Amino acid sequence: MRNSPITVDAEYVWHSQGDFETCTRQVGIDNSAAGVRLARSVMIQDELGRTHINNKQPLSATTWARKDFLLTSADLVDGKLYFYGTAKRVTVNGTRVKPVKKLPSTGWSFVNIPGKLLNKGLNSFVFSGGGELLVADSLYPDRSACSIDGGQTWDYSAMGPQGMNDGEYLVRLRLDRYPASAVITSPVIDLATLAAQDGILPALEGAKVKLIAETDKPPGTAVRLQVRTAPQPNAWSPWRAVGKAMGAVERYVQWRAILQSKTGDATPILRRVVLKAGLRVVPAAGEAKARVVAGTPAQRAVSSYSFAYQEPTERLARLREQYDLEKVIAGGDSELE
């Protein structure tokens, strides 16, 4: 005999650092302090670093390399210029910056960049005096150039030892400011599981859901809360603003918060997200005779970054030997480290 439907009130709260760690987040999100906020760091780059260690641009007194960045008014702050390789001399918009330092145990070097040397629009960073830069193959956006006459003329399509590369130098600019926006996304919430609590999963006939976000929003910042629903996890509705999507929903719910900063000098803070649900359920038949007495503890870790694992092969063994990877990973205690 089918049991009669009942209404169950349920609540799910994200408040602590551990609560928000169950969410996935973009690089621009910081969850290290109380409340989720934008991370005060922006990396500007035009390449993905997909190149070979021998794809180099030699530098000398007459062979110079130039990397251009287009900056906005929010970018005119202190930062660091990172480049894969070495250079004895680095200038920013014609002004020399020093000292050039090496990042330990890597092929990267860096130099501090005062914000007062940066301009809104085009900014040129020139490397010369000896050393070398790594080149990544690319036909776009053409913001790297080589000069063989000490900076008198520049060629955007002839880089490398024989001028055979049309690419981008591995040069990146990290700025001490907040990004324009970044997103944190909740795990998928199964409303039937909320209704069951520690009991047997009931049949869900309907649900009414309310999402509430508690935020701090200094001038020039905003937090946009969005939601999507689905009858099953692979049939999601489009993302919609919470005010337009709440009410009767389907079994699965997921929210995301878009944190925004217009000027880069302030960040909003997401303090708490509360999901309140009125769930119309049909208890499992015979529930009075059956109950959960013990469960197997399980912890599901979800990373914000994609990860791929490759089984050992002959080619990987050659790469391990060629680049002396045993020494590179000597500090790790496990294979994943």
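Start your tour by selecting Pro-219, which sits in the loop between strand 18 and strand 19 (strands are DSSP runs of E with at least two residues, helices runs of H or I with at least four, numbered from the N terminus). Before going on, note that this is a predicted model, where local features need pLDDT of at least 70, side-chain atom pairs count only at pLDDT 80 or more, and totals for chains, interfaces and linings use all residues. Residues are numbered from 1 along each chain as its sequence is written, and side-chain values use heavy atoms, with hydrogens and water left out.

Pro-219 is exposed, with a relative accessible area of 78% (exposed is over 50%, buried under 20%, partly exposed in between, with a 1.4 Å probe and protein chains only).

Next, select strand 19. Of its 10 residues, 8 are buried, so the rest of the structure largely encloses this strand. Show strand 22 as well: it runs antiparallel to strand 19, joined by 10 bridges, and Val-227 stands opposite its Trp-255. Strand 20 (residues 240–241) also pairs with strand 19, antiparallel over 2 bridges (pairing takes at least two DSSP bridges). There, Ala-241 is the bridge partner of Gln-226.
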